[in-house]
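Some labels in a structural description rest on cut-offs. The questions below ask what makes each label apply.

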Amino acid sequence: MLIARLVALMALSWIATDAHAQFRVPATLSPERAARFERFESFRIRGVCGVRDLERLSRFGVNTVRGYTIPSGDEMRATLDEVHGLGMKMVVSEWMPNQGENTANNGGTWSFDYDARGDRLLENFVRKIEAIGDHPAILMWGLGNEVHLDEPYLRTVNRMSEAIHERFPHHVTSLTMINAKPEAIEKIKRFAPDLDTIGVQSYSPGAVRGSIRKMEEHWGRPFYLSEFNGKGPWNFGKTSWGEAFDEPVTRKLADLGACYDAIDSSPLCMGSTIFVWGYFRVGRPTYFSLLLAEHPDGAPDGTPDTGLLMTPQAELMVERFAGSPPAGNRAPVLSTIESGDGERYIEAAPGERVTLRLAGTDPDGDRVTYRCWVLDSKPRRAKTVAGPFETDRGTIRFDAPRRAGDYLIMAYALDGNGGGSASTLPLGVRVRD
């Protein structure tokens, strides 16, 4: 009963209001640059990172989607046509490498030199933007995602921004940066002066508030939160074997609401695109995914995800944007995940019986069931090694893996009606003397 009351009180804090600072174009901007931002005085970015399930997003009050790569001209225009037909806008982003060493998907490395290859990169980019044209769905152009802010990259960004403005003078150009270090902002000003705005990528309420404060002080121009969410694994304490803890969904909801409050309070902030609309298997899916796959491993490679579940985090976003919760079913909230003796982790011998305690509530009063899997914690993408184990009573017992190693227990709270929430608990399997 106490948990239900706490969740109900928290739900009241999710409701969207219009109590955000009104964006105004700064008087310090040149007339040409100021004209590019005038639309944002009546258009606040209520967005997501990701371009899936666009029709549902439009019903949820989302007005902007952010992409990460520019495919062929025909494919890009088809996406923009769909976005425009639904009354939304898009941040069209070109993927760009770091100057010097880059990490390959297979874990290896490769190198890129903007001084030697920047001309060719610019030529290819110009062909792309000319093929796409002046599409009404384009809100702004993104030139790279979290690229190291080295001078050769920034000078290339400046040339790309100039190429866009030469062809489309009213288009806004941007790049993204991690947090908002003052020295990094100064480098952008110095080496990419033609750039219009910056997308800031920060995780946790403290990081978001700090980045906004620094952007207001050191950038002094319009900006937006191009990625944000609650805490990531780098923010949490760790087990004795180095595995980061996770948090119950109730804590994640409080953090996400605080991030939105900070974003809405800045008169220079044009809005935000939350990361990520979809099921994000890299690292821990429970940190950033606004949707859940029915199985932690997601759909097989090369096939579309199916049966993605709405989470309370996604519903919070909808309430902030649309002013009311999504119509129909509401997702259950996983409020407790702990070991049988109340710890935030479990240590066990190979094959030993372990106990996991779970608790959750459902806003609709639906019966909540629980399902968990054991995941190998080492792969870059979620990979299950055991499960599922299920219960409707809040306590699950199962045997630890027989191979010693570092694992995660990933637990779902489900309502059987398309809603779910999830968190993880570290599991260390050790051979005992």
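Q: What makes strand 19 and strand 20 a hairpin, and which residue in the turn has a positive phi?
A: Strand 19 and strand 20 form a hairpin with five residues between them, and Gly416 in the turn has a positive phi of about 75°. The model is predicted: local features need pLDDT of at least 70 and side-chain atom pairs count only at pLDDT 80 or more, while totals for chains, interfaces and linings use all residues. Residues are numbered from 1 along each chain as its sequence is written, and side-chain values use heavy atoms, with hydrogens and water left out.

Q: How do you know that strand 19 and strand 20 pair?
A: Two strands pair if DSSP finds at least two bridges between them. Strand 19 and strand 20 (residues 420-429) are joined by 10 bridges and run antiparallel, so by the definition they pair. One of the bridges sets Gly405 against Val429 in strand 20. Strands themselves are DSSP runs of E with at least two residues, helices are runs of H or I with at least four, and both are numbered from the N terminus.

Q: What joins strand 16 to strand 19?
A: Eight bridges do, and the two strands run antiparallel. Strand 16 covers residues 369-376, and its Asp376 stands opposite Tyr407 in strand 19.

Q: Why is strand 19 called largely enclosed?
A: A residue is buried when its relative accessible area is under 20%, exposed when over 50%, and partly exposed in between (1.4 Å probe, protein chains only). In strand 19 (residues 405-414), 10 of the 10 residues are buried, so the strand is largely enclosed by the rest of the structure. Both faces are covered: one side has Gly405, Tyr407, Ile409, Ala411 and Ala413, and the other has Asp406, Leu408, Met410, Tyr412 and Leu414.

Q: Why is the contact of Arg33 with Asp196 called a salt bridge?
A: The term requires a side-chain nitrogen of Lys or Arg within 4 Å of a carboxyl oxygen of Asp or Glu. The closest N and O atoms of Arg33 and Asp196 are 3.0 Å apart, so the pair meets the definition. Arg33 is in helix 2 (residues 31-37) and Asp196 in the loop between helix 7 (182-191) and strand 8 (197-203), 163 residues apart. A search of the whole structure finds 28 salt bridges.

Q: What makes Arg36 part of a network with Asp196?
A: Salt bridges link Glu32, Arg33, Arg36 and Asp196 in a network. Arg36 meets Asp196 at 2.8 Å, N to O. Arg36 lies in helix 2, so this pair ties together parts that are 160 residues apart in sequence.

Q: Are Arg33, Arg36 and Asp196 buried or exposed?
A: Arg33 has 12% relative accessibility and counts as buried. Arg36, at 5%, is buried, and Asp196 is buried at 0%.

Q: Why is Arg251 called partly exposed?
A: Its relative accessibility is 40%, so Arg251 counts as partly exposed. Asp255, at 5%, is buried. The two form a salt bridge with closest N and O atoms 3.0 Å apart, and both lie in helix 9 (residues 249-264), four residues apart, about one turn of the helix.
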